[in-house]
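Have the sequence and structure open while you go through them.

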Amino acid sequence: MAVDMSQFYQVFFEETGEHLANMESLLLALDVAAPTDDDLNAIFRCAHSIKGGAGTFGFSDMAEVTHVLETLLDKIRKHELQLTAPMVDAFLRAGDVIRGQLGAHRGEGAADPDAATAVCATLEQLCDPEAQPGVELHPTRVKTILTICFSAPVDESATNLLAELGTLGEVEVVKRPRPRKTAPAKAGKWVLKLTADASPDRVRELIEFVAVAGTLKIEQSTACVPAESSAASDGSFGLFDSEELPVGSLAPAADAGGDASYGFFTDVAGAAEPASAGAGDSSYGFFTDLPAVQSPTPMVEAASSAPAHPPYGRRATDRPDVDVGIAGRRQTDKAVAATNGESSIRVSIDKVDKLINLVGELVITQSMLAQTASQVNSEAFERLHDGLNQLERNTRDLQESVMSIRMLPISFVFSRFPRVVRDVAGKLGKDVELKTVGEGTELDKGVIEKIADPLTHLVRNSLDHGIEMPEARVAAGKPARGTVTLRAYHQGGNIMVEVSDDGRGLNRERILAKAAERGMTVSETMSDQEVFKLIFAPGFSTADVVTDVSGRGVGMDVVKRNIEAMGGGVEIDSFPGQGTRITIRLPLTLAILDGLSVRVGQEIYIVPLTYIVESLQPNAQDIRTVAGDGLTVQVRGDYLPVLSAARIFNVGGECDRFDQNIMVIVEAEGQRMALAVDALVGQHQVVIKSLETNYRRVHGISGATIMGDGRVALILDVAGLVRLTRTRELLAA
Amino acid sequence: MNHAAQAHVRSEPIHMNGMPDIAGGREFLTFRLGAEEYGIDILKVQEIRGYDTVTQIANAPDFIKGVTNLRGIIVPIIDLRLKFKLGRADYDQFTVVIILNLSDRVVGIVVDSVSDVLSLTSDHIRPAPEFGSAVDTRYVTGIGALDSRMLILVDIERLMAGADMGLVDAMIE
């Protein structure tokens, strides 16, 4: 399937830019002495996301840098290494390098391959302090010894000059004129020895400011080029050879090249291997398994030669017969031109939200006006009424079009997956077909943007852990070609997005064993659902080998966190040998919610409709107490805990007469509960506003909204309330 | 968003918590709480409005009256009279709410009445006396003496960010 990836470049650029900015701010705020796990995990996730994206889009130079970055971060995150200030510096520098590379891919300026090399070497060394302690942090490329003779006075300018030269390399003052008391400003003869990779011209420029005109002489002597770095100029380094190597049908040429670029960090032999093997988990494993093998020097050479062909891996895959380098370059240019000519603009969600807020206000004002106007004589003020009717229509149109700004079909996300599946499956040597269903389902742009990362993780997980190798599939009596299905559909006020595969399914025993190993409290009697939920814990991975596809243990916790932050949820169904289905439930939009307004005392609260099962007025005999305090209500044979909204929110409703109350039966996290309220008021679509912007988080409240009369109503956090009752039960028990 | 800055364009930089180093004088909005008169940096004030119906928030301290709708923004309302235990907290058409635009949030405070806007130079400002532990003077930056009036100058930003205000999740300082 030929997919034009260039249409997603822009999104990738934007996302990577965000990740970089996020990473940088986290790094800057990080307490080096005592970094919190949350922060380290967050930084790691940024790097991981950038790497994933860069790998998907074939920006191998960025993937290389982030891979090294990520490896070091991973060690820190797992407390194998202690975070130090130089590390933070190196991370920041790596961020700058990646930003430069990103800019180059965008067509803004050129990336600095030397900087990338240097940063990789630094990270590499920080990552493995034992390995070759004598190796220089900055790669020795071409170092020259310049002998500089000139005449200059011994004064401040000379001191400045020495400092300036010091930034270029090592300065040795061979001869310095003695300061004479009689004439301190008189020039004397200087002889300096500068060991640096700066060109003589640059040095000349600096010195000419200070030296007496005509006295400057620069002599370039022995270039001390380390023996190994001669290989740097050799374009036929193992990495690029892999393109010509015979490869299996599963791994097209450029793909194998991409693999190699990941692999070559490990060692030179490993670099060539994945190409012939099609893909091999083992080669990626080298990195962690055999850290001693890697010496920074060969890595340095490879990386410095890699940027010589930056675009080769991009879209050349479509035409393996064309000269790879040239085709890549041309197509990149085209892609850049296409993004420049797009007729859409990327506007910050904040601006759209502000617009939506304002329109919401307009609607409220308009309805207020309409209400006032309905009290005046409609014949006498006919024109006023006409105007108001017109206003009403216009406001409604305006509201609809503003809302539609945010709605996009989910195909916007789905369409990046064929490439992901193809690449990842190719790397893993698996045969996988991707099916997408319901691509036309529209959802909020905010949701779409946030769903992309979690979905990528899920799809990659399915490919890596779910789908078996073709032979294993055939042996299990399944077709050799595995299927991953992406499905989107509406259910109630929600969008459901499913990622399902027909692979081996989750291994209950293994998850339990791993959880026990990690010190989590587990028991054999846990239900499958509970066991599967364990994989959402941070750092949890049952994979034996860390691959560059997945298995580092990030992913599932990110998935869960991202989705819950949007007010959604994740569920896993899995049957051994038949496959796994992960269902993401998402709100249709982040800005609007269908809610039932209820009255408690004098206050109005909004209960999100998605949680409500039913509402009823119970008979007095259906309400029982448990242990004298806890209340339950019997609803068709089930005894549900009763939560009095008046008591929780301390608003003094008629909380003692439960038989007079209305019970709203809500369900969240698989548990039902009856919420006792004074009255049902009505059903509304409400605009969600954050309470935390100006206030703080309130337990049991997920946000606020503004009602038609301008008053504020609080939106109940039903899931939070259910959790509250559960902990109460625990406390009581 | 920053209505205050628009309304009161001034060329000099805003001194966040510093009352000293003022040459040309600073403007303070003064208000009454019971018998006491307070002054806050006018640049923190977004607008002054009447007391509107508020929506109560569960388990909040009594001086947090709740939240109200300020043109689409949810704004918490704090009754400083209750907070400082000064004066009677009546709510009628004369009750005044000062909407503050602080560095990261918009907050409304209920006061007895707003008096005027005064320009105080450093000559008028005396250091805050030590009250001992009875009164929390961390937020009092000085005493403004103008004729026979005594203004308690409050660093409203710090006051609102304080942990005992319960406006923020964690302590700022």
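**Notes on the predicted model**

1. Start at A:I606, which sits opposite A:I715 of strand β22 in chain A. This is a predicted model, where local features need pLDDT of at least 70, side-chain atom pairs count only at pLDDT 80 or more, and totals for chains, interfaces and linings use all residues. Residues are numbered from 1 along each chain as its sequence is written, chains are lettered from A and ligands numbered from 1 in the order in which they are written, and side-chain values use heavy atoms, with hydrogens and water left out.

2. The strands behind that pair are β13(A), residues 603-608, and β22(A), residues 712-716, and they run parallel with two bridges between them. (Pairing takes at least two DSSP bridges; strands are DSSP E runs of at least two residues and helices are H or I runs of at least four, numbered from the N terminus.) Five of the six residues in β13(A) are buried, meaning under 20% relative accessible area, with exposed over 50% and partly exposed in between (1.4 Å probe, protein chains only).

3. Have a look at A:V626 in strand β15(A), residues 623-626. A:V626 is partly exposed, because its relative accessible area is 46%. Its C-alpha lies 9.5 Å from that of A:P641, 15 residues away in sequence.

4. Helix α3(A), residues 60-77, checks out on length: at 1.5 Å a residue its 18 residues should span 26 Å, and the end C-alpha atoms are 25 Å apart, so the two agree. (The expected span is 1.5 Å times one less than the number of residues.) In α3(A), 18 of 18 residues are buried. After the helix comes A:H79, with a positive phi near 60°.

5. The largest nonpolar core has 68 residues, and A:L675, B:I78 and B:M160 touch the most other members. A second, separate core holds 47, among them A:I410 and A:A425. (A core is a set of buried Ala, Val, Leu, Ile, Met, Phe, Trp, Tyr and Cys residues joined through side-chain atoms within 4.5 Å.)

6. On confidence, chain A averages a pLDDT of 70, and 65% of the residues score at least 70; pLDDT is the predictor's per-residue confidence, from 0 to 100. Residues 222-341 of chain A fall below 50, yet this stretch has 172 contacts in the model beyond near neighbours in sequence. (Contact means heavy atoms within 4.5 Å.) Residues 545-553 of chain A also stay under 50, with 38 contacts beyond four places in sequence.
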